[in-house]
Amino acid sequence: MLSKIFSPYVITVLMLVLSNCFMTYAWYGHLKNMSSKAWYIAAFVSWGIALCEYLIMVPANRIGFEGNGGPFSLMQLKILQEVITLVVFVVFSALAFHMQIKWNHIVAGLCLVAAVYFVFGFK
């Protein structure tokens, strides 16, 4: 049904963003919300959250992969995933942990933009 409304480009990106929200929370949310719990409790809770991430990420990669009829090469999917991961992480760290974005973070982000250009711009 979604494929009739959105292109595989949009579906893949939206699903990867959503899966990364789960992943980032699973990896780092326990540092804020479960710091008083034993590490193994935080690990089991994080595994449960990470399962949600995998249930979204695996179909997103299958929809997006050109070997399955999608629009992205394997390299493009990986670079896209990394950029989305870091964007979601920056937003999460700023909102949840009140981290400041510094000049070197911006420069690193520009390097990622360059990586996207080189991976998507040349075939």
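Colleague: In which helix does Thr85 lie?
Modeller: This is a predicted model, and in it Thr85 lies in helix α4.

Colleague: Is Thr85 buried or exposed?
Modeller: Thr85 counts as buried, because its relative accessibility is 14% and the cut-off for buried is under 20%.

Colleague: And what is Thr85 in contact with, leaving aside neighbours within four places in sequence?
Modeller: With those set aside, Thr85 is in contact with Asn20 and Met23.

Colleague: Changing topic: what is the volume of the largest pocket?
Modeller: The volume of the largest pocket is about 420 Å³. It is lined by 16 residues, of which Leu86, Phe89, Val90, Ile101 and His105 are the closest to its centre.

Colleague: Which helix gives the largest share of that lining?
Modeller: Helix α4 does, with seven residues. By type, the lining divides into eleven nonpolar residues, four polar and one charged.

Colleague: Now the rings. How many aromatic pairs does the structure hold?
Modeller: There are nine aromatic pairs. One of them is Phe72 with Phe120, edge-to-face at 5.9 Å centre to centre and 85 degrees between the planes.

Colleague: Which parts does that pair tie together?
Modeller: Phe72 lies in the loop between α3 and α4 and Phe120 in helix α5, so the pair links parts 48 residues apart in sequence. Phe72 is buried, at 6% relative accessible area, whereas Phe120 is partly exposed, at 28%. Together with Tyr9, Phe72 and Phe120 form one aromatic cluster.

Colleague: What lies over the face of Phe97?
Modeller: Lys32 does, at 5.9 Å from the ring centre.

Methods: Residues numbered from 1 in each chain as written. Predicted model: local features only at pLDDT ≥ 70, side-chain atom pairs only at ≥ 80, totals over all residues. Heavy atoms only, no water. 1 Å grid on protein atoms, 1.4 Å probe; cavity = no way out; pocket = protein on both sides within 12 Å on 5 of 7 lines; lining within 4 Å. Points joined across faces, edges and corners; volume = space filled by probe spheres on them. Helix = DSSP H or I, 4+ residues; strand = E, 2+ residues; numbered from the N terminus. Nonpolar A, V, L, I, M, F, W, Y, C, P; charged D, E, K, R; others polar. Buried < 20%, exposed > 50% of the residue type's maximum accessible area, 1.4 Å probe, protein only. Contact = heavy atoms within 4.5 Å. Phe/Tyr/Trp six-rings, centres within 6.5 Å; stacked < 30°, edge-to-face > 60°. Lys NZ or Arg CZ within 6 Å of the ring centre and 35° of its normal.
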